[in-house]
Amino acid sequence: MYKRLSAIMFPLTALLLIGALVWGYQENQEKNSILIKAENQYQRAFHDLSYHVERLHGELGNTLAVNSASNGVHRKGLVNVWRLTSEAQNEINQLPLTLLPFSQTEEFLSKISNFSYKAAVRDFTKKPLTEAEMGNLKALYKNSGEISKDLQEVQNKVISNKLRWMDVESALATEEKAEDNTIIDGFKTVDKRVAAYPELDWGPSVASIYDKRSVKKLGGKPVTAADIKAKAVKFADSGANTKVDVRENGKGTEWASYTATVTPPNHKAPISMDFTVEGGLLISYNDNREVGPAKVSMKQAVAKAGEFLKQKGYAGMTAVSADRYDNLGNLTFVSSKDGVLIYPEKMTLRVGLDTGETVGFQASDYVREHQEKREIPKPELSLAKAREKLNPEFKELYNRMAWIENEDAVELLTYEFGGKINGSQYRIYLNAADGNEEAVEEIRTSSGAQDK
């Protein structure tokens, strides 16, 4: 009996053991294959990064080598600089550097990319490179050469010592002996070097991208929690006996603010409001009540929202867009002066289409940009002359004057033309001084804000 059982079980056990060994071997091979593939991707991305930074240094040198009036070469060079920095940024994103402080270098490359792109796309016959911009290119040429040299040193060590990026990933993830890793040390050296560079004057168009627009820049006297409580009750129009909770956010930081939660009597849900600490300005409002089925039109919602703003002290606001999402209307209002819409002073509102009441708004742009005495010049170009700059196939539906901020972060007066072309509706903003196109945006038609 035992022999018969052994004759059956031994081959079966051996078969299972062989199967387990084969399965384990295959699993190990697949794991090694994945690791090898990841290592190869890391190595390729790193060597491409080193190559493109070296190319970037060379392209900046080529741009500086030609005559200052060589607009064509400058444009071509800047386009190449933008392309190379974009590729370098992409390669950095492919490396396991998320746990390694490399933000200074990434931001540096980002600024080069934005600077070169915005300079390359403008009309050099009217706005050639300035002395300051040429100075930037010289500094970038020097700096990129140093960064390229540092990366090449790391690259040589990687090749000669057969270093692996998988070890870098493991060291960063476990925080074990990360300070002794040659690759990590090399990237830390690059980032420290970049952090020591003096800040360049990138111009307003690039600087605006990185401007944190802190609420502290508003100025104004700091207010107390008691001040905020009084402001919140007044805005909610809820009476002196209203329960109000006030919480300070980000105390001691550049984003310091207060959040006031108001629970009015006979109101089904609390109302929350955010105020700046500097000046106590209201930046957001949210009525948390449940919105029922829609009963009012978008046109009625726009009218009610305009009345709400007027009652709350925001006079002269004009609706410029209105979109419906289920039972809510999302509206955008801007201030106006002497018939000119001032787009930087923007507010967005949410309206419940069950009653037409405003249930929320965001006023951070308005708070930051509002000016009591904004100087707006007269248009140098007539409406008829500006209209001649439009595409002949553009079917104009309305026109109005608009004060906007263009891509170079410069505020200026424009003619805003609304119309249709190629089956879509657009707003086109033409400079009121020379007729140049400052901005083009596609819009969705709605029954709310009525364009003139």
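Reply: Lys 192 and Ala 196 are exposed (over 50% relative accessible area, with a 1.4 Å probe and protein chains only) and lie on the face of α6 turned away from its buried side. The model is predicted, with local features requiring pLDDT of at least 70 and side-chain atom pairs pLDDT 80 or more, whereas totals for chains, interfaces and linings use all residues. Residues are numbered from 1 along each chain as its sequence is written, and side-chain values use heavy atoms, without hydrogens or water.

Helices are DSSP runs of H or I with at least four residues, numbered from the N terminus.

Buried residues (under 20% relative accessible area) of α6 are Ile 183, Ile 184, Gly 186, Phe 187, Val 190, Asp 191 and Val 194. Viewed down the axis of α6, they fall within an arc of 165° and so line one face of the helix; the arc is taken over directions from the helix axis to the C-beta atoms. An α-helix has 3.6 residues a turn, so residues three or four places apart point the same way.

Phe 187 is also among the residues touching the most other members of the largest nonpolar core, which has 41 residues. Such a core joins buried Ala, Val, Leu, Ile, Met, Phe, Trp, Tyr and Cys residues through side-chain atoms within 4.5 Å. Elements giving this core two or more residues include α1 (2–65), α4 (131–160) and α6.
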